[in-house]
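Subject: Handing over a structure

Dear colleague,

I am passing on the structure below, together with a description of what was found in it. Please read the two side by side.

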Amino acid sequence: GADVLVLQGQEAGGHRASHDPEVEPAVIDHLGLLETVGPTTSLPLVAAGGVTTPGDVRRAQDAGAAAVQVGTALLLATESGASRTYRAALRDPSLTERVTTRAFSGRVAGALRNRFVDRFAPLAPPAFPVLDQVSRPVRTAAAAAGDVHGIHVWAGSGWRACQDRPAGEIVRELAP
């Protein structure tokens, strides 16, 4: 009874859309998912993951997407609820790599690599939501202190293209 299928590529920020937190999600981008899933269904496909520029939107539509879903593209928008520390992290030149990690919550998520990831990723069990609850006080204190290396910085692969302006302007620019 689905009306559409949302295909989340590995470039997505935040928690991966998987039902079993113990499974390692497949490493396939949204363009690969469109190529693989498109011929198997007549449902409209929505591409998600790493879509932050007009070029990303065009490539997804050219690959068969009826629409795109964005998240990271709006993290710095005027209306975003991202904290001051989160916003600073997205602009921090020392944060140069995006990874997938269980470090913060026990569930695979796309985030910027910081000292928290380096220290805890090798130790993090697939114990969502328990690990999230256990690490939350540490992350909350880090956010209050402005420590970009002690918080989760969920972000898709195109995080450097984020813009600090109204969401409506960003969306209009993304629309073909």
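Threonine 101 is found in strand 5, where strands (E, at least two residues) and helices (H or I, at least four) are DSSP runs numbered from the N terminus. The model is a predicted one, in which local features need pLDDT of at least 70 and side-chain atom pairs count only at pLDDT 80 or more, while totals for chains, interfaces and linings use all residues. Residues are numbered from 1 along each chain as its sequence is written, and side-chain values use heavy atoms, with hydrogens and water left out.

With a relative accessible area of 5%, threonine 101 is buried; the word buried stands for under 20% relative accessible area, against over 50% for exposed and partly exposed in between, with a 1.4 Å probe and protein chains only. Once its neighbours within four places in sequence are left aside, threonine 101 is in contact with Arg107, Val108, Ala109, Ala111, Val117 and Ala121, contact meaning heavy atoms within 4.5 Å. A polar atom of the threonine 101 side chain also lies 3.0 Å from the backbone nitrogen of alanine 103.

Alanine 103 itself is found in the loop between strand 5 and strand 6, and with a relative accessible area of 3% alanine 103 is buried. Not counting residues up to four places away in sequence, alanine 103 touches Phe116, Val117, Phe120, Ala121, Ala124 and Leu131. The C-alpha atoms of alanine 103 and phenylalanine 116, which are 13 residues apart along the chain, are separated by 7.4 Å.

The loop between strand 5 (98–101) and strand 6 (109–112) also holds serine 105, which counts as buried because its relative accessibility is 0%. The side chain of serine 105 is joined to that of histidine 15 by a polar contact of 2.7 Å; a polar contact is a pair of N or O atoms within 3.5 Å, where within protein one must be able to donate a hydrogen and the other to accept it, and residues adjacent in sequence count only if both atoms are side-chain atoms. The serine 105 side chain reaches the backbone nitrogen of arginine 107 as well, at 3.2 Å. Leaving aside neighbours within four places in sequence, serine 105 is in contact with His15, Ala127, Phe128, Pro129, Leu131 and Asp132.

Two of those contacts of serine 105, Phe128 and Pro129, are themselves joined by a cis peptide bond, with omega about 5 degrees. Proline 129 lies in the loop between helix 4 (115–120) and helix 5. In general, most peptide bonds are trans, and most residues other than glycine have a negative phi.

Helix 5 (residues 130–145) is the place of arginine 139, and because its relative accessibility is 7%, arginine 139 counts as buried. Not counting residues up to four places away in sequence, arginine 139 touches Phe104, Phe116, Asp132, Gly150, Ile151 and His152.

The N-terminal end of helix 1 is capped by aspartate 29, a side-chain oxygen of which lies 3.3 Å from the backbone nitrogen of leucine 31. In helix 2 the buried residues are Gly55, Asp56, Val57 and Ala60, and they pack against helix 1, strand 3, strand 4 (67–69) and helix 6 (167–174). Helix 2 is followed by glycine 64, whose phi is positive, near 115 degrees.

As for the chain as a whole, the protein chain has six helices and six strands, which run from the N terminus on as β-β-α-β-α-β-α-β-β-α-α-α. Its C-alpha trace spans about 45 × 35 × 25 Å along its principal axes. Buried residues make up 44% of the 176 residues, and of the contacts with a separation of 6 or more, 61% are accounted for by residues 24 or more positions apart.

With kind regards
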